Amino acid sequence: MILVPKNTSGVIIKRSLPVMGYIDNESHCEILFENVRVPVSNLLGEEGTGFAIAQARLGLDVYHHCMRSIGAAQRALELMCQRATSRVAFGKPLSEQGVIQEWIAQSYLEIEQARLLTLKAAWMIDTLGKKAAQNEIAMIKIAAPKYLPML
């Protein structure tokens with residue numbers, strides 16, 4: 001793994017990539033490297049250990065994405081509830097329809113499950129270490145996208 005400053009000759013940022021539906025110019029992007037040269041002092045760690053460094057770093061990014069997804073899902077739930085109270089069908093607000101109430105309750109349940117599992121995994125990493133939390137990390141990688149498809 002090598003540090004390459006963005007303004008190095010030959011570094012071309014082709015395009016920004018969407019993350020959870022949003023494009024941020026300071027976020028993920030497609031980069032082209034054409035005859036880029038940097039000093040050997042830009043090497044991180046030992047030669048051949050780049051993958052291990054990337055895995056250690058990226059393993060914790062899942063929390064960031066889970067937290068963002070949970071926030072977006074919470075906002076979507078709020079909008080759904082507002083819509084359910086303002087929209088009338090079959091002579092009464094949607095919020096009084098049993099099936100709508102069930103959908104709202106199910107959505108709330110799924111958001112809370114993802115939130116609590118994410119918090120537990122973060123707590124375990126903070127108190128017990130990443131290795132002890134590996135099962136919880138694996139679980140949020142499954143649960144959050146299942147319940148919060150934006151992830």
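The second largest pocket holds about 180 Å³ of space, a pocket being an open set of points on a 1 Å grid over the protein atoms alone, where a 1.4 Å probe fits, with protein on both sides within 12 Å along at least five of seven lines. Lining residues, those with an atom within 4 Å of a point, number 11 here, and K6, V11, I13, C29 and I31 are the closest to the centre. Strands are DSSP runs of E of at least two residues, helices runs of H or I of at least four.

A word on the source. This is a predicted model, where local features need pLDDT of at least 70 and side-chain atom pairs pLDDT 80 or more, while totals for chains, interfaces and linings use all residues. Numbering runs from 1 along each chain as its sequence is written, and side-chain values use heavy atoms, without hydrogens and water.

Next, salt bridges: a side-chain nitrogen of Lys or Arg within 4 Å of a carboxyl oxygen of Asp or Glu. The whole structure has 4. R15 pairs with E30, closest N and O atoms 2.6 Å apart. That pair links distant parts of the chain, R15 in strand β1 and E30 in strand β2, 15 residues apart. R15 has a relative accessible area of 46%, so R15 is partly exposed, the class between buried (under 20%) and exposed (over 50%), with a 1.4 Å probe and protein chains only.

R115 and E112 meet at 2.8 Å, N to O. Both lie in helix α3 (residues 98–128), 3 residues apart, about one turn of the helix.

Notes: Points joined across faces, edges and corners; volume = space filled by probe spheres on them.
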